Amino acid sequence: MSLVRYRYRAYPNAEQARALARVFGCARVVYNDCLRLRRDAHAGGEKVSDTEVQRRVVTLAKQTPQRAWLGEVASVALVQACQDARRAYRNWFDSLSGKRKGRKGGAPRFRSRKDNRQSIRLTRNGFALRGNGRVYVAKVGDLRVEWSRPLLSVPSSCTVIREADGRYFVSFVVERESDPLPSRTAEIGVDLGLDRLAVTSDGEIVDNPRHLRGAQRRLASGQRALARKQKGSANRHKAVRRVAVRHRKVRETRLDAHHKLALRLVRDNQAVHLESLSVAGLARTKLARSIHDVGWSILVRLIEEKAAHYGRSVVKVGRGFPSSQLCSACGHRDGPKPLGVRLWTCRVCGAEHDRDLNAARNVLAEGARIAAGLAEIENACGAGVRPGLVPASGDEAGTRLGALG
Ligand SMILES: [Zn+2]
């Protein structure tokens, strides 16, 4: 059993769209009030419980003239906004104290009226599936939804999203029965790359979808056109929308390529071995654009989700593992190589290596050792990353996933 997120296009009528805009706005205000309250409490050395935060920013706030309008929308959306804020704050805190891996993030960002993507989260008492195929959203009404595929189970929560390009979606987290495929003996190591999407230990090279580059250029030109438009003008509004549509196309093309690759790797192999990549760290360098293009973290998540569904395993090799330094033929450690070095010859055994293929083979060997309990689970960077078997499950991390599925 795994959790997956399904999303469907929704078509609110004009009145419902206005009601949704109001909830989005209220949820945003509550979210920001929560962050502000927690920040101030922390600065003042005051301890406030989660219930107390919610009482102050929702229950008590409704009784003040400045926030009375919060009473006009479903409180379930406001309660969820409190929880989102709580999680954002906790994550930040944990990253500061080192409890959470990855780079130290900045303080949670306040949500802005100008954010292009808006969403609210609802639990059972805030939405309902109608017999006529509509989705009831509290104090908004029955939304018309295009059921592009059947919903597998009764969802426990629902997220309503308005994308930057003006399209609406409802997204549900549902349980999916796993569907194990007949087992196989093949295992594969994968090296995720920049100029190539992936190279496998079998020697297969998977290129990035070519047209993504062209789309990226069109995106950049759209962005420049946007910058020339007068703020608040109708033309600017149109340009914003055009850029959003292009963004979406790039995202969809990339996601499609990732789905196909993930499915193939998982279907054809009993275990997929990967490197734990520090995407957050890399994305701040000049390679950022390319990394964004490639969207490694999404690909890795898809592989994990599909592996959980089809009864396969994913092994993540530690970040400190020198996959590009070892000779996969004799095991000699040849030392670090600049990114530009694509081919090299082992000084000990004379084997000639394609950098990525060699890395993929090393990842396969190391992953197999980890799975067999033979490899040391330690990390040269000391970053606290524990490699090992990942019994992947759909990550119910909240609204962010909705952006991808
Ligand atoms: Zn060698």
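## Burial and overall make-up

A residue is called buried if 20 or more other C-beta atoms lie within 10 Å of its own, exposed if 12 or fewer do, and partly exposed in between, with C-beta atoms placed from the backbone. This is a predicted model, in which local features need pLDDT of at least 70 and side-chain atom pairs count only at pLDDT 80 or more, while totals for chains, interfaces and linings use all residues. Residue numbers start from 1 along each chain as its sequence is written.

The protein has 405 residues, 32% of which count as buried. Of the contacts with a separation of 6 or more, 69% join residues 24 or more positions apart, a contact being two residues whose C-beta atoms, placed from the backbone, lie within 7 Å.

## Strand β12

Strand β12 covers residues 313-317, and because five of its five residues are buried, the strand is largely enclosed by the rest of the structure. In a regular strand the side chains alternate between the two faces of the sheet. On one side of β12 the buried residues are S313, V315 and V317, and on the other they are V314 and K316, leaving both faces covered.

The partner strand β11 (residues 271-275) runs parallel to β12 and is joined to it by five bridges; strands are said to pair if DSSP finds at least two bridges between them. Within this pair, V317 of β12 has E275 opposite.

Helix α1 (residues 14-43) and α2 have axes that come within 9 Å and cross at roughly 135°. Axes are lines fitted to C-alpha atoms, for helices over the stretch in contact, and angles run from 0 to 180 degrees between N-to-C directions. The two helices are therefore oblique to each other, given that angles under 35 degrees count as roughly parallel, over 145 as roughly antiparallel, 65 to 115 as roughly perpendicular and the rest as oblique. On the α1 side the contact uses V30, D33, C34, L37 and R38, and on the α2 side V53, R56, V57, V58 and A61. By class these are seven nonpolar, no polar and three charged residues; Ala, Val, Leu, Ile, Met, Phe, Trp, Tyr, Cys and Pro count as nonpolar, Asp, Glu, Lys and Arg as charged, and the others, Gly among them, as polar.

Helix α2 (residues 50-62) also packs against helix α3 (residues 75-97), at an angle of about 130° and with the axes 10 Å apart. This pair is likewise oblique. Here α2 contributes D50, V53, Q54, V57 and V58, and α3 contributes S75, L78, V79, C82 and R86. The contact has six nonpolar, two polar and two charged residues.

The loop between α2 and α3 holds W69. With 13 other C-beta atoms within 10 Å, W69 is partly exposed. W69 lies 47 residues from R22 in sequence, and their C-alpha atoms are 9.4 Å apart.

## Helices α5 and α8

Helix α5 (residues 234-268) and helix α8 (residues 296-310) cross at roughly 40°, their axes coming within 9 Å. That angle makes α5 oblique to α8. The α5 residues in contact are L255, H258, H259, L261, A262, L263, L265, V266 and R267, and those of α8 are I298, L299, L302, I303, K306, A307 and Y310. They divide into 12 nonpolar, two polar and two charged.

Technical notes. Helices (H or I, at least four residues) and strands (E, at least two) are DSSP runs, numbered from the N terminus.
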